[in-house]
Amino acid sequence: VKGQISEMALCLGDADKRISDLAHLFFFELSHKANTIYNILPDVISRLASDTEEGPAAEPKLFAAIMDYLFSFITKDKHQEALVVKLCHRLRATKELAQWRSFAHCLSLLTYSARSLRKLVELHKCYHDKLFDAE
């Protein structure tokens with residue numbers, strides 16, 4: 001199911017407006033199902049940020065647009081705090097500049113509370129080597 005959700009997320013940026021609209025509706029409806037968006041988000045991010053067997057990474061502008069939409073459904077502080085932790089740990093495992101940028105974009109979409117900011121600082125070792133981008 002996780003791979004298919006990632007493919008559905010790619011449909012958010014489809015050139016055919018009908019497909020794009022249906023994908024937006026799908027995720028809007030999915031957002032009303034308990035914590036579903038929160039639960040799928042880390043895997044969708046990893047899949048769209050990296051080349052995998054399922055397909056190539058999403059283009060940076062498309063990735064940003066998809067994440068902007070999906071992160072709009074993450075409103076609970078505890079989910080945002082948990083995503084900080086998950087994203088930082090996944091950022092540690094990234095090897096390519098494009099992946100760093102994708103994960104950093106996702107971290108920038110969160111609204112930070114004192115607790116989530118504290119987590120970000122505590123996990124500095126996960127991303128300290130990725131803070132510099134020569135470009």
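**Briefing**

A114 lies in helix α7, which spans residues 114-122; helices are DSSP runs of H or I with at least four residues, numbered from the N terminus. The model is predicted: local features need pLDDT of at least 70 and side-chain atom pairs pLDDT 80 or more, while totals for chains, interfaces and linings use all residues. Residues are numbered from 1 along each chain as its sequence is written, and side-chain values use heavy atoms, leaving out hydrogens and water.

**Position A114**
- A114 is exposed, at a relative accessible area of 56% (exposed is over 50%, buried under 20%, partly exposed in between; 1.4 Å probe, protein chains only).
- Between A114 and E81 the C-alpha distance is 9.6 Å, although 33 residues separate them in sequence.

**Nonpolar core**
- The largest nonpolar core has 35 residues, of which F27, I45, M67, L70 and F71 touch the most other members; such a core joins buried Ala, Val, Leu, Ile, Met, Phe, Trp, Tyr and Cys residues through side-chain atoms within 4.5 Å.
- Helix α3 supplies the largest share of this core, 8 residues.
- Beyond its neighbours within four places in sequence, F27 is in contact (heavy atoms within 4.5 Å) with residues including I5, M8, L12, I40 and F73.

**Aromatic pairs**
- The structure holds 2 aromatic pairs (ring centres of Phe, Tyr or the six-membered ring of Trp within 6.5 Å; planes under 30 degrees apart are stacked, over 60 edge-to-face, the rest tilted).
- F26 and F27 pair edge-to-face, because their planes stand at 85°, with centres 5.1 Å apart.
- F27 is buried at 0% relative accessible area, whereas F26 is partly exposed at 30%.
- Y69 and F73 also pair edge-to-face, with 5.0 Å between centres and 85° between planes.

Key: Helix = DSSP H or I, 4+ residues; strand = E, 2+ residues; numbered from the N terminus.
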